[in-house]
2 protein chains.
Amino acid sequence: MVQLVPTADADPVNRLTAILADDLAAVDRVIRSRMESEHARRVGEVATHVIDAGGKRLRPLLTLAAARLCGYAGDAHIGLAATVELIHTATLLHDDVVDESLRRRGRPTANRLWDNKSSVLVGDYLFSRSFQLMVESESLRILGIIADAAATIAEGEVLQLTASRSLATDEPTYLKVIRGKTAALFSAATEVGAVVAGAPEPVIAGLRDFGDAFGMSFQITDDILDYTGSAEILKKNPGDDFRASKLTLPVIKAAAHAGIEERAFWTRVIELGDQREDDLEVAMRLFDRHGALESSRQDARRWSDVAHSSLGAVPESPVGLRALLADLAKDTVSRLT
Amino acid sequence: MVQLVPTADADPVNRLTAILADDLAAVDRVIRSRMESEHARRVGEVATHVIDAGGKRLRPLLTLAAARLCGYAGDAHIGLAATVELIHTATLLHDDVVDESLRRRGRPTANRLWDNKSSVLVGDYLFSRSFQLMVESESLRILGIIADAAATIAEGEVLQLTASRSLATDEPTYLKVIRGKTAALFSAATEVGAVVAGAPEPVIAGLRDFGDAFGMSFQITDDILDYTGSAEILKKNPGDDFRASKLTLPVIKAAAHAGIEERAFWTRVIELGDQREDDLEVAMRLFDRHGALESSRQDARRWSDVAHSSLGAVPESPVGLRALLADLAKDTVSRLT
């Protein structure tokens with residue numbers, strides 16, 4: 001059930017979590033029951049590690065909020081929210097293998113604690129379990145939405161592999177990468193919530209577009225904060241993307257305005273991955289010179305505005321879930337100031 | 001269309017391929033169109049490499065044969081056969097990463113030509129594309145069958161990871177591993193062919209059980225031939241499993257009868273992976289002493305008999321597809337003599 005709770009907490013994620021606490025607990029039970037394997041204990045060990053490290057459960061929150069916002073009173077949204085989180089978890093396991101990451105959210109990654117093999121195969125297992133779970137929704141429309149999102153995610157990952165260290169990568173390509181990385185699953189999460197609730201088509205489209213634009217804003221913000229945030233906020237060190245030679249939006253914008261000398265710098269630190277002390281400071285100076293961070297911030301805000309206006313066709317619910325979703329999109333970019 | 005062709009060729013796979021040539025060509029077109037990515041060229045490159053190396057297309061043949069055997073005259077079986085082959089291809093890509101394989105069917109593996117990252121992500125992409133393709137079947141029953149197979153495959157892979165180098169692994173565990181490795185997809189392949197054709201339930205069950213038993217027989221035979229086959233038949237060197245310290249059925253059977261000294265041998269070569277010259281010859285002598293290969297052959301034949309009798313409830317088709325499936329199961333184990 002949706003609960004009316006005091007909303008002293010300013011963080012919209014915390015408020016959504018409080019309002020949807022019962023739903024979220026049910027999602028957690030489904031996730032934990034589905035990720036166990038009767039035959040292969042390693043599955044449960046690895047999956048528990050990565051699920052426990054999973055953070056705020058933002059994606060299932062989006063599905064639950066969308067369904068309840070559309071007045072849904074059944075329980076099929078629980079399985080869908082669990083599906084979305086299982087897909088997310090599977091991609092985290094594979095991402096950490098691909099990025100050779102050793103830490104995620106301050107904890108050692110599964111590929112470090114066990115090995116790459118376990119991460120690849122347990123990721124496959126979680127993806128197949130999510131697939132079983134969504135078949136139980138018995139909705140071909142929902143299956144189609146999630147299948148399309150899964151393909152966009154996988155395509156974005158491969159694109160990132162080839163694009164993320166090439167200065168030839170332009171903004172449209174970057175947007176495709178982050179749509180796959182983040183927005184596609186956010187968008188599927190909100191859309192299936194609306195679909196399972198039987199919402200009218202304009203409401204479904206509005207919530208789908210909200211998820212997409214919120215996801216784009218969320219990822220661009222994340223990429224900016226990697227340069228400007230504090231270790232406390234980020235739960236990782238600022239500059240990690242730079243040190244991993246990742247081509248994110250601020251770099252693309254700065255490189256687009258680079259002269260010969262600046263271009264040589266970006267080629268060395270991003271394409272060749274040859275970094276020296278003070279390179280991060282140089283990068284920050286180049287960002288300043290070309291307004292790269294400010295222009296990225298404007299893009300993040302623009303996507304946040306799109307998210308907000310996408311809710312125009314969506315009627316408010318008694319507990320104010322629409323306002324909370326709007327706050328969520330606003331709060332994300334407010335971290336930038 | 002199903003074609004009547006001369007059957008001079010004794011190999012049932014070749015005869016099935018000839019009879020189902022048009023269907024198979026259509027499957028190939030679907031696979032090639034689906035594995036392309038508009039945005040990420042690397043997808044097409046890696047996928048083409050592994051699809052081209054893919055061998056006999058046994059799994060799609062099973063779906064096509066089952067559908068046509070059940071009198072199916074539509075074309076939805078094409079997409080399902082392509083789905084099955086895409087799932088198989090995705091698992092090959094991930095398997096080669098997990099096994100650190102450098103060659104498959106005499107060609108360099110994708111993880112060697114590109115890298116592990118590309119194999120992981122392109123595998124994910126092909127799996128998500130297969131998922132989109134099967135949603136187009138618009139059959140929740142078919143989606144459920146393939147989702148269950150995908151989960152069994154992934155679970156078997158993880159189980160193999162922990163079980164394949166432990167002498168504590170018993171025959172029931174080995175059977176679970178090979179059900180995931182081979183039989184689950186064979187079984188799903190024949191079952192969805194029968195379901196899409198609208199066959200009566202006993203016929204669907206018969207073809208499902210045929211696929212499962214044929215798959216078990218096929219994999220046990222493969223594991224035996226790794227010790228007894230020629231390089232020409234295997235398209236790899238005999239003894240590869242042994243040198244990779246893989247615990248397959250003959251080893252499990254021999255180890256079950258091992259005294260203290262023999263047990264120390266198996267522990268060293270399989271669990272510790274510490275192998276010396278002539279170890280393969282020692283292993284073959286121990287197999288002989290305990291009848292391990294002969295007992296494994298009997299198991300393979302028993303599964304082949306189950307496959308044959310599973311076809312009991314399935315009526316023959318005008319072009320003799322039931323007899324061909326029966327020959328297929330028989331031919332597999334006949335390679336053992």
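In chain A, take the contacts (heavy atoms within 4.5 Å) between residues at least 6 apart in sequence: 73% of them join residues at least 24 apart. A word on the basis: this is a predicted model, where local features need pLDDT of at least 70, side-chain atom pairs count only at pLDDT 80 or more, and totals for chains, interfaces and linings use all residues. Residues are numbered from 1 along each chain as its sequence is written, chains are lettered from A and ligands numbered from 1 in the order written, and side-chain values use heavy atoms, leaving out hydrogens and water.

Chain A first. It has 17 helices and two strands, which are DSSP runs numbered from the N terminus (helices H or I, at least four residues; strands E, at least two). Its radius of gyration, over C-alpha atoms, is 20 Å, close to the 20 Å from the globule rule for 337 residues, so chain A is as compact as a globular protein of that length. That rule is 2.2 Å times the number of residues to the power 0.38. Of the 337 residues, 58% are buried, meaning under 20% relative accessible area (1.4 Å probe, protein chains only).

Now the interface. Chain B gives 41 residues to the contact, and chain A gives 41. Together they bury about 3800 Å², 79% of it on carbon and sulfur atoms. That area is the accessible area (1.4 Å probe) that the two parts lose on being put together, summed over both.

And salt bridges? Zero between chain B and chain A, counting a side-chain nitrogen of Lys or Arg within 4 Å of a carboxyl oxygen of Asp or Glu.

Technical notes: Buried < 20%, exposed > 50% of the residue type's maximum accessible area, 1.4 Å probe, protein only.
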